[in-house]
Amino acid sequence: MKNTLLNTTEGRLLISGIVLSALLLILIGFYGITELHIAKTLVLVFFAHAFGGRAAGIGLCILNEFGALPTIIYNFYIEVLIVCFTYAAFVLSTTNYLKAEWLTKFMDRLSAKALEQTQRVKPLGWIGIFIFVMLPLPVTGPVVGSIIGYMIRLNPFRNFSATFSGTLAAIIVWFYCFDFLEQRFHMIQYLFAAIIIMVLIPHIKKIKNFITDKKTDKKDN
């Protein structure tokens, strides 16, 4: 079964995601020892991509003066890492190789988002995926883009070349847009605050319950 999985695209992507994650941890660990503020920024950029989108991640790099090339390379790296895990998990869950209720629910939501856009993207094929991933609009991005590619049966090379090319182009565009807006720093701050609030709102109840449980545990002790 393991050999069969490794012979599939999703299996190789899963392994790639694990390797990329290990290298990221090594990089963060290195800067944790040598330049702590860089390590903190690297971690924050990762979570920004995971929960807030590429704009927040790129903005954090710019505000911490990472420069063009490091910003573009690192943000692209993070998006590739996330796609490797998410795409692999999506395919493996739809083929019932991975069975977990929380994973199935999450992948069902991703599938629904992808299905909403499939008919618009399908007629254009490769270029449709590229444009979809590149556009700075809600629900666009490499994760959903790669899943749409899977749904419209693009072969893996065409799917991921379109997804990652669109991702790289989008990051470059976002970087220079933020560079232009750097003089309007206060506006960017409000944007980050809005993104953080939007991310936290769906989890407010869980956060309150967590805080309440902690307080209860302290009283019991």
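The model is predicted, so local features need pLDDT of at least 70 and side-chain atom pairs count only at pLDDT 80 or more, while totals for chains, interfaces and linings use all residues. Residues are numbered from 1 along each chain as its sequence is written, and side-chain values use heavy atoms, with hydrogens and water left out.

## The overall picture

Let's start with the whole chain. It holds 11 helices and zero strands, where helices (H or I, at least four residues) and strands (E, at least two) are DSSP runs numbered from the N terminus. Of the chain's 221 residues, 38% count as buried; buried means under 20% relative accessible area, exposed means over 50%, and partly exposed is in between (1.4 Å probe, protein chains only). Among contacts with a separation of 6 or more, 69% join residues 24 or more positions apart, a contact being heavy atoms within 4.5 Å.

An unreviewed UniProt entry carries the annotation "transmembrane region" for residues 12-33, 39-64, 76-98, 124-148, 160-181 and 187-204. UniProt positions are given in the numbering used here, feature names are shortened, and such annotations may be inferred rather than shown by experiment. In the model, residues 12-33 are 100% helix and 0% strand, and the end C-alpha atoms of that span lie 32 Å apart.

## Helix 2 meets helix 5

Helix 2 (residues 9-34) packs against helix 5 (residues 68-94) at an angle of about 140°, with the axes 8 Å apart. Axes here are lines fitted to C-alpha atoms, for helices over the stretch in contact, and angles run from 0 to 180 degrees between N-to-C directions. Which residues make the contact? On the helix 2 side they include Leu13, Leu14, Gly17 and Leu20, and on the helix 5 side they include Tyr74, Tyr77, Leu81 and Phe85. The residues of this contact divide into 17 nonpolar, three polar and one charged. For that count, Ala, Val, Leu, Ile, Met, Phe, Trp, Tyr, Cys and Pro are nonpolar, Asp, Glu, Lys and Arg are charged, and the others, Gly among them, are polar.

Val19 also lies in helix 2. It counts as partly exposed because its relative accessible area is 44%. Val19 and Leu81 are 62 residues apart in sequence, yet 9.1 Å apart in space, C-alpha to C-alpha.

Helix 4 (residues 54-63) is mostly covered, with eight of its 10 residues buried. One of the buried residues is Ala55, at a relative accessible area of 13%. Ala55 and Ala170 are 115 residues apart in sequence, with 9.6 Å between their C-alpha atoms.

His49 belongs to helix 3 (residues 36-51). Is His49 buried or exposed? His49 counts as buried because its relative accessibility is 10%. Leaving out residues up to four places away in sequence, His49 touches Arg54, Gly57, Asn75, Ile78, Glu79 and Ile82. With Glu79 there is a polar contact between the two side chains, at 3.2 Å. A polar contact is a pair of N or O atoms within 3.5 Å; within protein, one must be able to donate a hydrogen and the other to accept it, and residues adjacent in sequence count only if both atoms are side-chain atoms.

## Two residues of helix 9

Ser161 sits in helix 9 (residues 156-181) and counts as buried because its relative accessible area is 19%. Its side chain makes a polar contact with the side chain of Trp126 (2.8 Å), and the Ser161 side chain also reaches the backbone oxygen of Phe157 at 2.8 Å.

Thr163 is in helix 9 too, with a relative accessible area of 0%. Apart from neighbours within four places in sequence, Thr163 is in contact with Ile129, Val133, Pro142, Gly145 and Ser146.

Most residues other than glycine have a negative phi. Glu65 is not a glycine, but its phi is positive, about 60°. Arg153, another residue other than glycine, has a positive phi near 65°.
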